[in-house]
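Below, labels given to parts of a structure are set against the cut-offs behind them.

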Number of protein chains: 4
Amino acid sequence: MSYVGLGDPGAPMALPAPLHGVVPPVCTPLGPHGEIDTASLTRLVHHLLDGGVHGLFALGSTSEAAYLTDAQRATALETVLEAADGRVPVLAGVIDTTTPRVLDHARTAAALGADALVATAPFYTRTHPREIAAHFRHLRTAVGLPLFAYDIPAAVHSKLSPSLVRELAGDDTLAGLKDSSGDEGSLRRLLTALGGRAARRTGPAPGFSVLTGSELTVDAALLAGADGVVPGLGNVDPAGYVRLFDAARAGDWERAAAEQERLVALFTMVDVGPEPEMGRSSSALGAFKAALHLLGVIDRGTTAVPQRPLSDDAVAEVGRRLTSAGLTPVR
Amino acid sequence: MSYVGLGDPGAPMALPAPLHGVVPPVCTPLGPHGEIDTASLTRLVHHLLDGGVHGLFALGSTSEAAYLTDAQRATALETVLEAADGRVPVLAGVIDTTTPRVLDHARTAAALGADALVATAPFYTRTHPREIAAHFRHLRTAVGLPLFAYDIPAAVHSKLSPSLVRELAGDDTLAGLKDSSGDEGSLRRLLTALGGRAARRTGPAPGFSVLTGSELTVDAALLAGADGVVPGLGNVDPAGYVRLFDAARAGDWERAAAEQERLVALFTMVDVGPEPEMGRSSSALGAFKAALHLLGVIDRGTTAVPQRPLSDDAVAEVGRRLTSAGLTPVR
Amino acid sequence: MSYVGLGDPGAPMALPAPLHGVVPPVCTPLGPHGEIDTASLTRLVHHLLDGGVHGLFALGSTSEAAYLTDAQRATALETVLEAADGRVPVLAGVIDTTTPRVLDHARTAAALGADALVATAPFYTRTHPREIAAHFRHLRTAVGLPLFAYDIPAAVHSKLSPSLVRELAGDDTLAGLKDSSGDEGSLRRLLTALGGRAARRTGPAPGFSVLTGSELTVDAALLAGADGVVPGLGNVDPAGYVRLFDAARAGDWERAAAEQERLVALFTMVDVGPEPEMGRSSSALGAFKAALHLLGVIDRGTTAVPQRPLSDDAVAEVGRRLTSAGLTPVR
Amino acid sequence: MSYVGLGDPGAPMALPAPLHGVVPPVCTPLGPHGEIDTASLTRLVHHLLDGGVHGLFALGSTSEAAYLTDAQRATALETVLEAADGRVPVLAGVIDTTTPRVLDHARTAAALGADALVATAPFYTRTHPREIAAHFRHLRTAVGLPLFAYDIPAAVHSKLSPSLVRELAGDDTLAGLKDSSGDEGSLRRLLTALGGRAARRTGPAPGFSVLTGSELTVDAALLAGADGVVPGLGNVDPAGYVRLFDAARAGDWERAAAEQERLVALFTMVDVGPEPEMGRSSSALGAFKAALHLLGVIDRGTTAVPQRPLSDDAVAEVGRRLTSAGLTPVR
């Protein structure tokens, strides 16, 4: 593949060490025929930057990366990079089954100018922990970009153990972790093993960044010493997550918890398309995109094939949840 | 069955509504032939009360209830009740496969004087959510004691959804929840649905108690509005969990988090008997009991058949973890 | 517990070595208040014996053992033993969480006169394979009855590996295996490791009995060298399974497969109570009992609490499936 | 991508309806740097054709398709097609996460001249059964090649239900099923629903092909009415599987079972690289490739990154298993 016309992607940004703050996984708006709606995606990036986010994660699970062709992935990443215009670091997901395939995505992301890579453990295959370690080491060696491990057992059906992550943090294979495991006890064990709240920056991996992907327990993760959050719901309400992060950084845990609670209530939008009729994944992605459409950020709430769309009633319910949470639908 | 010689168990204590604080699942010390070591169990209860705990949970998973015969369960519960002597409420686990069998345990627990019951969803069988609801309603109707649901998917292989718990909280089937699911996002959704931090006591189930069984994220659960904790590790360091609870109640979240972190480091004792040699469950129970033995609380670290014992090296390592956490082995 | 009035249970029958043929897990008919309907259970045993079965398995999963109190289990086992009257061996399930609790059931079953025991791996707890081996060895040593391992991962959430079963077969811990794992490849590996079709009786465990619990692939299991079957559906159509077994023993595999196919069609009765409304387990047990009621064998199709009952429409559909398979409802 | 130099792939072969017989998933030999070893792959195809196989499945799980880049997949498929030279149909796996990505692979496979496509349910994402149905319908509509569903829950973590497969067979979405679920009861239910042994060819989907991927129970699947088998082990011993198929077709089930048993013993080679050291998937793929190397068919036993290699001892053990099964290592 070549990227004629892209221009020089320039050197990647130096990431803050550790990367911290609110780094939403950017939704990928689609047009009527399933094509990337680059105008909407650009508006979405501006919406997120206006909300004060500290970084952007393109081509994550919430970006429907698993539904995008290679060409679409390149388009989406280019669009995010151009819209971000160097104001915050852009992390690129390189989601695929095993090392050789992930490497192809990693090289493309590097060529396009991504600032860091985010890779899961291998999936589809059954992979031994030593093979998972080798996977990350291969990626790190072959591509000269900071590498984040993406722990998402619901998708890849294996869990990165705290001891494995600590090993890969300690030898500079990994620049950070995006923990979407939902296993907060395991996260706490990792943070403690890395030195804990007091000694993380002088511990065995001082620049290592721990980001939670669990958007409902961000106050808790920050209290435990996590550096930031990658919230799918942050597409809809980036400013809310930034307020939550700022409160936590200021040590105002009561305010952080109150903000988190408002966001938990907002998150219930993911249930509007109930299970007998559609999958939980489609329901959540559909709700986020419906919300972005209702808020006037993107042109359509369309999700990728073969996901089922939300019903009109469900979309109306999403609108009511927005209003309840203090956001203002414009459609 | 009759319990001649028990004397009048007296009326159960009125539980605080909601039940709150530190409510450890009491380990069950065993003698050389696997019998209940009632003297050690009595000392353990005193150790817990001295630590300032707010209640006791007998016959839970950490109590090895699944390894105790009916006669042993009765002995253990009687011993805990006598040792507690009404100073704190005693909750009794009634762990069995389905409603009819659980009812037998519930009637025994009531006869012995337990103050409340703690029941899981049915297990071994595959049970529909409406059948799980019926299960709790049967238990509540048949036995006149407050009923706590025990959400422990690792053992029963189904999860109690926030909406199901809310339904059973709202119609007074349940007095509370012990959440050992490890799913902190789900817990947060439940707490928010019950009114959240500000409005729990005026919400749809004002006296409902939410206790986390996740001993590594207690600060987080309390920040989210949980009422208390049921920590297995609280057998070893009850005073530490009480300090954590008190810090949280005082709104000193930094202190709560620091205490939690010390307890997370202490908790690593559960890994001393590693997986190729023994199961995770045996390793954790063995470590807690070894620690209690090293601390001079109980006479032996023996776990029930068919669990494998910790090696001498592993026990020595437990001792080092105690010392690191500021506790003082006496053996 | 005592069993006054039981009379001398007599010595257990010597089991055939290996136990072979059709050994149905006997359903447990219930009365209007959930009590054991011993008259119906007696008729059911006669129905099975009239069908030509080679043994009876009381207190299995299909017997709703997980829903029966200890007293009910004793009543059910006594009734089956009395009704069988020594004409075929009676195996007794001893389903409970761990060794000490299983031992209590095993001693009761021995006292009541069971001819053999059937035990699962421990459940509710997480148990290491070496602990599972110790579990079976304890049971075998403590109770002087032949012991069958019951491999049912859907209920206990662990699988007995072929190598573990072979080990326990080879040292006479186990007299046989009831394989309800549904993992026919694993079963084939075990049978081959035991000597295969030609050399099973001169292999490492010559008297070891391998019974499949997978009622839809009995022809396949017998072709692979299994000794018999424990079919839940055999309650409804014992004669069908006996014909299948006889055809296989005669080497008439085409006839065996045709009979199996008729039984597969009959088995679809388990789907009449579909998943949005009730669990799969309730639906299957409800269908078997409804069929027995429609065939005039038992007085009521009632299943144990908290299972949901089949609707009238579902019961009518069960009747149609009976008729399609050549059986004759009398109600 | 373009396929300069490929020449005209020609029209795809008309598949037999139903496709039947032995259709091995072709291993993908690799060179010292992980590149496709096309000379070895060509020899492997000839080895399979010499063994009498009825079709070839390129780019399946056993082909390590999940480890091959798009360019490598194209090379492997081209090589298989050229080596097969129209003598048997070549099915092409199109393994990827969701419809849009699978479509890219499907169009490439069609362009290269594959005779049919083999697609799994979506993975990585959580997908509703109606979405899975839509997935297959999209693929069928967009690419004019016969489509086989590949049911492999161990990889994709969802199971295709018999009712879903029957629906998609009945409306001509699917030409067949490759069932690697290991759920032989479910397979039996499907075969019965399609008319059974006697009426498959006049049933609701007369040309529909049911192939089992369970290489240890092929005799059983054929007895149940399956049309053929896709055996990973068939790379090593294609002639053995052809003898098994021929015996079954001749109704000589005893001979079929004996041949199956020999192959089950040979299959134990997958255990030579045990779990504490490497994954089960790596161990099986490594053993098949080591065997092909020892038999002189391919130049190296190398597996793709990040899989761990077999030890020398393990390879030697593979050699012993070959000899035991009557095959003749040449190295």
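This is a predicted model: local features need pLDDT of at least 70, side-chain atom pairs count only at pLDDT 80 or more; totals for chains, interfaces and linings use all residues.

Residues are numbered from 1 along each chain as its sequence is written, chains are lettered from A and ligands numbered from 1 in the order in which they are written, and side-chain values use heavy atoms, with hydrogens and water left out.

Q: What makes A:Asp171 partly exposed?
A: Buried means under 20% relative accessible area, exposed over 50%, and partly exposed in between (1.4 Å probe, protein chains only). A:Asp171 has 36%, so it counts as partly exposed. A:Arg137, with 27%, is therefore also partly exposed.

Q: How do you know that C:Arg137 and C:Asp171 form a salt bridge?
A: Their side chains meet at 2.7 Å, N to O. C:Arg137 belongs to helix 4 of chain C and C:Asp171 to the loop between helix 6 and strand 6 of chain C, 34 residues apart. The relative accessibility is 28% for C:Arg137 and 36% for C:Asp171, and each residue counts as partly exposed.

Q: What makes C:Arg249 exposed, and which label does C:Asp246 get?
A: C:Arg249 has 53% relative accessibility, so it counts as exposed. C:Asp246, at 33%, counts as partly exposed. The two form a salt bridge, with the closest N and O atoms 3.4 Å apart. Both lie in helix 10 (residues 238–249) of chain C, three residues apart, about one turn of the helix.

Q: How do you know that both faces of strand 7 of chain B are covered?
A: On one side of strand 7 (residues 209–212) are B:Ser209 and B:Leu211, on the other B:Val210 and B:Thr212, and all are buried.

Q: Why is strand 7 of chain B said to pair with strand 6 and strand 8?
A: Two strands pair if DSSP finds at least two bridges between them. Strand 6 (residues 176–179) and strand 7 have four bridges, in the parallel sense, and B:Gly176 stands opposite B:Ser209. Strand 7 and strand 8 (residues 228–229) run parallel and are joined by two bridges, with B:Thr212 opposite B:Val229.

Q: Where is D:Val305, and what makes it partly exposed?
A: D:Val305 is found in the loop between helix 12 (280–294) and helix 13 (312–324) of chain D. At 32% relative accessibility, D:Val305 counts as partly exposed. Contact means heavy atoms within 4.5 Å. Not counting residues up to four places away in sequence, D:Val305 touches A:Thr99, A:Pro100, A:His138 and D:Tyr67.

Q: What is found between chain D and chain A?
A: The contact takes 47 residues from each of chain D and chain A. The area buried between them is about 3700 Å²; buried area is the accessible area (1.4 Å probe) that two parts lose on being put together, summed over both. D:Arg101, D:Tyr124 and D:Arg126 supply 23% of the area that chain D buries against chain A, more than any other three residues.

Q: Which salt bridge shows how the rule applies across the interface of chain D and chain A?
A: The rule finds four salt bridges there. In one, D:Arg101 and A:Asp96 have their closest N and O atoms 3.3 Å apart. A:Asp96 and D:Arg101 are among the residues linked in a network of salt bridges, which also includes A:Asp70 and D:Asp70.
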